[in-house]
Amino acid sequence: MSRQFTAGTLRGVDTLGGDPPVLFVNGGLSTQRQWKRVITRLDGRYRTVTYDARGRGSSNTSTDHSLRGAVDDVDRVVEATALRQPILVGWSHGATIALCYAAEYPERVSGLVLIDGVHPVSVLDDMGRERVRRQCRGRGRSSRLPSVLAPGVRLGSQDRADLVIETDEVNGDLGIGWEALRCPTVLVVPASDTAGAAAVDAVASDDSVTFLVTTTTDRARILTEDPDVVAAAIEEVRRRRMPDPDFLAPTAPLKLASPSRSS
């Protein structure tokens, strides 16, 4: 049984199930439909909540597609659905949002599954950022962007470029975000992911973080080709979670600042 809900300009689906609840955070150029196969694998064992970000899917358009706004939207969904300490599951851009939210509001999250994202490195220099802008305007190609947008994504070329560039900038400063975490976390990385080595180094001494490796080498296909791995990661976090609000509180929660918008 499921119900549709609204959270400001956002639209989502809340499906009844067992505890703990699981809140899914989409990739930047995707909609909530990306989670269909993962949720099917969970087979009703959890209450699941999905939603479309601003300008995607069933949600309304917006002039603000910043990561700061996206983190605030997670909180709007949590409040609109009255979720208590959900497990956050984020893919790509959504993984960065989930980590930033958990670091800023540690008492509200009981665990994290971060899929192909949140590598604490920035990979775009000035030339790389310009390549992203050209690709978003339809000239040139970039391996960091999907060649075809998901149906229902209504972001203009400037917004798409800003999303990729800002996420890269925030990822480069995520060391403090990792340090702020106190909840069990599973990283799901594609096979032969060299960028994931930075994440391994960042959390090598953190006993709360474990890794699961997918069978696919195509990061864009993790959710369609390896939903069982993502479901297993959720199960692992559930097994290790400690639903005690005090254990999650760090000494200095991260407060995400909005990076400057690209011109």
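Q: Are phenylalanine 24 and tryptophan 35 buried or exposed?
A: In this predicted model, the rings of phenylalanine 24 and tryptophan 35 form an aromatic pair. Buried means under 20% relative accessible area. Both residues fall in that class, so the word asked for is buried.

Q: Which kind of aromatic pair do phenylalanine 24 and tryptophan 35 form?
A: Their ring centres are 4.9 Å apart, and the planes make an angle of 40°. Planes under 30 degrees apart would count as stacked and those over 60 as edge-to-face, with the rest called tilted. The pair is therefore tilted.

Q: How many residues apart are phenylalanine 24 and tryptophan 35?
A: Phenylalanine 24 sits in strand β3, which covers residues 22-25. Tryptophan 35 belongs to the loop between β3 and α1 (36-42). The pair links distant parts of the chain, and its separation is 11 residues.

Q: What is the relative accessible area of tyrosine 105, which pairs with tyrosine 101?
A: Two aromatic pairs turn up in a search of the whole structure. The rings of tyrosine 101 and tyrosine 105 have centres 4.9 Å apart and planes at 45°, so this pair is tilted. Tyrosine 101 is buried at 0%. Tyrosine 105 is buried too, and its relative accessible area is 14%.

Q: Which peptide bond is cis, with omega near 5°?
A: Most residues other than glycine have a negative phi, and most peptide bonds are trans. Here the place to look is the loop between β2 (10-15) and β3, where proline 20 lies. The cis bond runs from aspartate 19 to proline 20.

Q: Where is alanine 82, and is this residue buried or exposed?
A: Alanine 82 is not a glycine, yet has a positive phi of about 55°. Its place is the loop between α2 (67-81) and β5 (87-91). Exposed means over 50% relative accessible area. With 60%, alanine 82 is exposed.

Q: What is the relative accessibility of serine 92?
A: Serine 92 also has a positive phi of about 55° although it is not a glycine. Look for serine 92 in the loop between β5 and α3 (93-104). Serine 92 counts as partly exposed, with a relative accessibility of 29%.

Q: How many residues apart in sequence are glutamate 235 and arginine 45?
A: Their side chains meet in a salt bridge, 2.7 Å from N to O. Glutamate 235 is in helix α9 (residues 227-240), while arginine 45 is in the loop between α1 and β4 (48-52). Glutamate 235 is partly exposed at 23%, and arginine 45 is partly exposed at 38%.

Q: Is arginine 133 buried or exposed?
A: Arginine 133 forms a salt bridge with glutamate 130, and the closest N and O atoms are 3.6 Å apart. Both lie in helix α4, about one turn from each other. Glutamate 130 is partly exposed at 30%. Arginine 133, with a relative accessible area of 16%, is buried.

Q: How many helices and strands does the chain have?
A: The chain has 263 residues, and buried residues make up 54% of them. Its secondary structure comes to nine helices and eight strands.

Notes. Residues numbered from 1 in each chain as written. Predicted model: local features only at pLDDT ≥ 70, side-chain atom pairs only at ≥ 80, totals over all residues. Heavy atoms only, no water. Phe/Tyr/Trp six-rings, centres within 6.5 Å; stacked < 30°, edge-to-face > 60°. Helix = DSSP H or I, 4+ residues; strand = E, 2+ residues; numbered from the N terminus. Buried < 20%, exposed > 50% of the residue type's maximum accessible area, 1.4 Å probe, protein only. Salt bridge = Lys/Arg side-chain N within 4 Å of Asp/Glu carboxyl O.
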